[in-house]
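Reader: I am new to this structure, and I would like to understand the words used for it. Could you take me through its inside with care?

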Amino acid sequence: MPELPEVEALAEFLRERAVGRVIAAVDVVAFQALKTVDPPVTALGGLTVTGVARHGKFLDLDCDGTHLVTHLARGGWLRWRDDLTGAKPVRPGKGPLAVRVRLAPDGDGRAPGFELTEAGTQKRLAVYVVRDPGDVPGIASLGPDPLAADFTPEALGAILAGSRTQIKGLLRDQKVIAGIGNAYSDEVLHVARMSPFKIAGTLTEAQVAELHEAIVTTLRDAVERARGLAAKDLKAEKKSGLRVHGRTGEKCEVCGDTIREVSFADSSLQYCPTCQTGGKPLADRRLSKLLK
């Protein structure tokens, strides 16, 4: 799933290539992806892309005050095309293509644009056409952005205070902190040397400060690695930069212990026992507890 660093990189990518261009048309192929009806998607035709922003994991194209907002979900991605003039129409239900955004032709006759695709069968990619990004329910309920100036150790401490939620789940809750998903929550907790099942409200002031530092540095480093890359290269960059997530069975690059996994119904987490749980493996079952 694209998380804050990848969506920020996609926003920068589109700022360089789409801002100032006129939208020729937006073709919706996967009708279930479009979550709004007013304004209609056809209202985007003829408007100019004036800005691109990120809200948590949401990508927002400002088109003369009308916003095309996308959440890529687990299997979604953005694919830039230098020329869509020869692109063939796609029938609904055929292939991964969900939405195609065609921009007005350049002086050389080429019409660039981008396509939103979604792999897999779950089909959770969501597209909204709204007058204000706050009209998107997922954006309206977002917690603070962890790269914002006001996301301080004190602010994080206030979020954690009294919480009985396991820290892994809290970091992934978009209503609590915006933009962190399964992968980067694993990475943050590894950097912070913290068990994913530690209860958030039990952290000491020093641990809160360490967690804050791990959140900010992990995300900023990932954003910097992704900066300037083409959209097609972002997935590979994300994977190459991960130290524990998706690396079950490999050696921890910090201590050399074997990275382990806890599996759930629809996801899994990875961690290093030596770095994070005092050398004790976590039981690989839902509501895991440290083995005694």
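**Contacts, cores and a pocket**

Author: L61 touches L14, V49, G51, V52, T66, H67, L68 and F114, leaving aside residues up to four places away in sequence, where contact means heavy atoms within 4.5 Å. This is a predicted model, in which local features need pLDDT of at least 70 and side-chain atom pairs count only at pLDDT 80 or more, while totals for chains, interfaces and linings use all residues. Residues are numbered from 1 along each chain as its sequence is written, and side-chain values use heavy atoms, with hydrogens and water left out.

Reader: What makes L14, L44, L59 and L61 stand out in the largest nonpolar core?

Author: Of the 37 residues in this core, these four touch the most other members. A nonpolar core is a set of buried Ala, Val, Leu, Ile, Met, Phe, Trp, Tyr and Cys residues joined through side-chain atoms within 4.5 Å, and buried means under 20% relative accessible area (1.4 Å probe, protein chains only). The largest share of this core, six residues, comes from α1. A second, separate core of 26 residues includes L189, M194, V208 and L219.

Reader: Which element gives the largest share of the lining of the largest pocket?

Author: That is α7, with four residues; helices are DSSP runs of H or I with at least four residues, numbered from the N terminus.

Reader: How do the residues of this lining divide into nonpolar, polar and charged?

Author: They divide into twelve nonpolar, eleven polar and twelve charged, where Asp, Glu, Lys and Arg count as charged, Ala, Val, Leu, Ile, Met, Phe, Trp, Tyr, Cys and Pro as nonpolar, and the others, Gly among them, as polar.

Conventions
Helix = DSSP H or I, 4+ residues; strand = E, 2+ residues; numbered from the N terminus. Buried < 20%, exposed > 50% of the residue type's maximum accessible area, 1.4 Å probe, protein only.
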